[in-house]
Amino acid sequence: MPTVPVWVWPPDSDAPLHAADLTVERTARFHYRPDYLERGDALPLDPVELRLARSARGIAISAADGLPGVIRDAKPAGYGADRLNAHAGTELSPLELLERGVPDGVGAIEATASSAAR
């Protein structure tokens, strides 16, 4: 079961926070981390699709690729996805594209296991 940490950069912060985990198997689920929810300044990554919620089951994601829209926006697309697929020699999954994308893309969200080391 592929699970990818979701990192956010809060305003006025120079380090990312591990805010949630995205699990994609047959269906996708998004889980906010309890320590993120306990922060006084915690904000939903998407106030409609990803409301702040404490749920053991997480938030079900219905998109065909298993990615919430706000995270899909952080995924390489177009030319960037084509180059990553060509380099890999195969069609990468949406999670693999997120993992291999550049860490300083648009927005303050990144979904990758390697973000903590960046």
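**Figure 1. The largest nonpolar core of the predicted model.** The largest nonpolar core in this predicted model is made of 24 residues. The residues with the most contacts inside this core are Val6, Leu22, Phe30, Tyr32, Leu45, Leu50 and Ile71. Strands and helices both contribute: E1 (3-8), E2, E3, E4 and E5 (109-111), together with helices H1 (34-37), H2 (69-72) and H4 (94-100), each supply at least two residues of the core. The largest share, 4 residues, comes from E2.

**Figure 2. Contacts of Val6.** Val6 is one of the residues with the most contacts inside the largest nonpolar core. With neighbours within four places in sequence left aside, Val6 is in contact with Leu17, His18, Ala19, Ala20, Asp21 and Leu22, among others. The contacts of Val6 also include Phe30, Leu45 and Ile71. Further along the chain, Ile109, Glu110 and Ala111 are in contact with Val6 as well.

**Figure 3. Strand E3 and its two partner strands.** Strand E2 (residues 17-24) and strand E3 run antiparallel and are joined by 5 bridges. A hairpin of 3 residues connects E2 to E3. Val24 has Ala28 in E3 as its bridge partner. E3 is also joined to strand E4 (residues 59-61), by 3 bridges, and these two strands run antiparallel. Here Arg29 stands opposite Ala60 in E4.

**Figure 4. The two faces of strand E3.** Strand E3 covers residues 28-32. Which residues of E3 form its covered face, and which its uncovered one? Ala28, Phe30 and Tyr32 make up the covered face, while Arg29 and His31 make up the uncovered one. Two residues of the covered face, Phe30 and Tyr32, are among those with the most contacts inside the largest nonpolar core.

**Figure 5. Leu84 in helix H3.** Leu84 lies in helix H3, which spans residues 79-88. Not counting residues up to four places away in sequence, Leu84 touches Pro76, Leu92, Leu97, Arg100 and Gly101. Leu52 is 32 residues from Leu84 in sequence, and the C-alpha atoms of the two are 33 Å apart in space.

**Figure 6. Ala88 in helix H3.** Ala88 is also placed in helix H3. Is Ala88 buried, partly exposed or exposed? Ala88 counts as partly exposed because its relative accessibility is 30%, and partly exposed residues lie between the buried limit of 20% and the exposed limit of 50%. Ala88 and Ala111 are 23 residues apart in sequence, with 19 Å between their C-alpha atoms.

Technical notes
Residues numbered from 1 in each chain as written. Predicted model: local features only at pLDDT ≥ 70, side-chain atom pairs only at ≥ 80, totals over all residues. Heavy atoms only, no water. Contact = heavy atoms within 4.5 Å. Buried < 20%, exposed > 50% of the residue type's maximum accessible area, 1.4 Å probe, protein only. Pairing = 2+ DSSP bridges. Core = buried A, V, L, I, M, F, W, Y, C linked by side-chain atoms within 4.5 Å.
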